[in-house]
Amino acid sequence: MTRITCKKLSKRYGKGPIALDNVDLSLDTTGVFALIGRNGAGKTTLVRILSTTLFPTSGDAKIDGVDVVGEADEIRKRIAVLPQEARPIPWMTPRELITSYLMWRGVGYKNAGKKASEALDLLGITKFGDTMHSHMSGGTKRKVLVATVIASGADIIFLDEPTTGLDPISRGEMWDLLAKLKKGRFIFLTTHYLEEAEALADRIGVLDEGKLLAIGSLSELRRKTGYPYSVKILQKADHIKIKLGRVIRGRDGNLQVFTTKKGADELSRRLISNGIKFATNPVSLEDIFYFFVKKKVDEGGEETGGGEWQGA
Amino acid sequence: MARSVASQIFASVLVNAVYAMKNFPVMLINTMLTPFSFIIVITFISHGALFGLAVEGALIMTMVSNGLGLQGDLSHLKNDLKVQEMVVGSPTSATIYIVGMAISELVYALPTLAILVVLSFFFLNVSVIGAIAIGGALFLMFVVAIALGFFFSTITSDVIQSFAFSGMLSTLLSALPPVYYPITYIPMPYQYIAYISPTTYAAQIVQNAAGFINLSTAGLVVDWIVLIAVAVVLMSIAIKKSRWVEV
């Protein structure tokens, strides 16, 4: 099975802060892997190194044992990358862009044109095939770029924040497409939309300040937190003593308790007996993200360290 | 899958010249405007006496400005659209990409060159040897401009930086040197400053081939040596020092 491996992979841009800090990674290249993290976490840096467009400062990264720096030419035959903030060339049409990209990959003109039509069809944007990009919406432009890399037929596709800036409907359409496209290829996706990772990814990595904090399937990450359940108290209940897990105050000012199944059952009984409204669920990826990053972003954007707040 | 180098080169030509000219022909007018403006101005000022020189100058300027145009085009694809990053992460090598983009700039210059060649044919008296010399000098200036364009495009991080370098190079290589008039029009000791620019050597070769100036054999040999050396050195620096993969 194909694997992506990184050993002590680090990157520092000039004399600036470290962007990637001794990342160790071992990943099967099947399905969708989503790398989540805040802005500046190092997601793009990792994608750019793995997709051979950026040199690391130290450490090594390999795809199937092939070094991404020393044997980049071999890697490039098997990958396709859609960079963050990429835009289709305004004076060209999708058909022209996809054809040209495939020709850059060495495909003949006629065959490239045929594959371009297939990709447009696959992405459901055939009707825009001969429309200039400058006349398209942002969502359609992103679909064109995804069609471009998918048309390559590469085994491994790197998509760096492909849905950033899209409205919720366009984002949902893109999710549907990616869910369809993941069959038969590996998609390495970065995003800061946690619901996107939750909806699409088979495995998820949490990156913060250049460090890979956790990696695994959603259920594995839940287990790693030690608190697989969340009890969200839906009204003011500061008088309730909670010693059954980890407690944080949510954005609405109410308490949220991360706890075990046993703890969730016991807390639920107490809340019912006190007539307090609550909701019990498996922890979401957002909960997991905060757990690992250990920082809580207040609604106003202010960051507070720690994240663990013991209720009264 | 068998990969075709010809396809890889042609992709750059399609993107940067064919599709651009087909879908946005106003770009073409831009490439013609400057050299023909200079021809008109020089011809009016000289009462027609320097028309032939102006045509030869326009040939040099077209090659230089289209070569330097590579910088803006590459910078746009790299910094604004991030398309170059998609190409870097594909089986296309830096050399293939740059050769294709250079050819695309030449394709862009073809309509202007065609008009200028027709004007040269009717209004200049150039021998076959002279025509070959002019072609050689124009090619070398194109190589110089391409090398500079490629180098500066890879070290600029946004289009504003690119404009700054582009404007500076364009002035130094095609506006200041004695391209539209003989170097003897420049008073001493300022003639020495003109020799800093490689365009001066190309202009002397072209003007000598068209019979506007008479260079000694030694002077002609020096011009060729300097021009070839500058082209080779700049291209070597561009290939070695340019960044294909970011550091």
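This is a predicted model: local features need pLDDT of at least 70, side-chain atom pairs count only at pLDDT 80 or more; totals for chains, interfaces and linings use all residues.

Analyst: In chain B, helix H4 (residues 83–88) has the highest mean, 95. Helix H7 (residues 159–175) of chain B has the lowest, 81.

Now the interface. On the chain B side, 36 residues are in contact, and they touch 37 residues of chain A. Together the two chains bury about 3,300 Å². Of that area, 66% lies on carbon and sulfur atoms. Polar links are there too. Between chain B and chain A, 17 residue pairs are in polar contact, both residues at pLDDT 80 or more. H1(B) gives the largest share, 11 residues. By type, the chain B side holds 21 nonpolar, 9 polar and 6 charged residues.

Salt bridges also cross between the chains. Chain B and chain A share 2 of them. One pairs Arg48(A) with Glu85(B), with the closest N and O atoms 3.1 Å apart.

Thr148(A) sits in helix H5 of chain A. Is Thr148(A) buried or exposed? Its relative accessibility is 1%, so Thr148(A) counts as buried. Beyond its neighbours within four places in sequence, Thr148(A) is in contact with Leu97(A), Ile98(A), Tyr101(A) and Met86(B). One of its polar atoms lies 2.7 Å from the backbone oxygen of Val144(A).

Helix H5 of chain A has a charged pair as well. Glu173(A) and Lys143(A) form a salt bridge through their side chains, at 2.9 Å from N to O. Lys143(A) lies in helix H5 (residues 138–151), and Glu173(A) lies in helix H6 (residues 168–181), both of chain A. The two are 30 residues apart, and the pair links distant parts of the chain. Their surroundings can be compared. Lys143(A) is buried, at a relative accessible area of 15%. Glu173(A) is partly exposed, at 36% relative accessibility.

That pair is part of a wider set. The structure holds 15 salt bridges over all chains. Another joins Asp21(A) and Lys211(A), at 2.7 Å from N to O. Asp21(A) is in strand S2 (residues 18–28) and Lys211(A) in strand S10 (residues 211–216) of chain A, so this bridge ties together parts 190 residues apart in sequence. Asp21(A) is buried, with a relative accessible area of 17%. Lys211(A) is partly exposed, at 39%.

Arg78(A) pairs with Asp64(A), and their closest N and O atoms are 3.3 Å apart. Arg78(A) is in the loop between helix H2 (72–76) and strand S6 (79–82) of chain A. Asp64(A) is in the loop between strand S4 (58–63) and strand S5 (66–67) of chain A. Arg78(A) is partly exposed at 24% relative accessibility. Asp64(A) is also partly exposed, with a relative accessible area of 38%.

Last, the backbone. Glu209(A) lies in the loop between strand S9 (203–208) and S10 of chain A. His47(B) likewise has a positive phi, near 55°. His47(B) lies in the loop between H2 and H3 of chain B. With 75% relative accessibility, His47(B) counts as exposed. Ile45(B) lies in helix H2 (residues 26–45) of chain B. Ile45(B) counts as exposed too, at 63% relative accessibility. Elsewhere in chain B, a cis peptide bond joins Met188(B) and Pro189(B), with omega about 0°. Pro189(B) is in the loop between H7 and helix H8 (190–194) of chain B.

Note on methods:
Residues are numbered from 1 along each chain as its sequence is written. Chains are lettered from A and ligands numbered from 1 in the order in which they are written. Side-chain values use heavy atoms; hydrogens and water are left out. A salt bridge is a side-chain nitrogen of Lys or Arg within 4 Å of a carboxyl oxygen of Asp or Glu. Helices (H or I, at least four residues) and strands (E, at least two) are DSSP runs, numbered from the N terminus. Buried means under 20% relative accessible area, exposed over 50%, partly exposed in between (1.4 Å probe, protein chains only). pLDDT is the predictor's confidence in each residue, from 0 to 100. Contact means heavy atoms within 4.5 Å. Buried area is the accessible area (1.4 Å probe) that two parts lose on being put together, summed over both. A polar contact is a pair of N or O atoms within 3.5 Å; within protein, one must be able to donate a hydrogen and the other to accept it, and residues adjacent in sequence count only if both atoms are side-chain atoms. Ala, Val, Leu, Ile, Met, Phe, Trp, Tyr, Cys and Pro count as nonpolar, Asp, Glu, Lys and Arg as charged, and the others, Gly among them, as polar.
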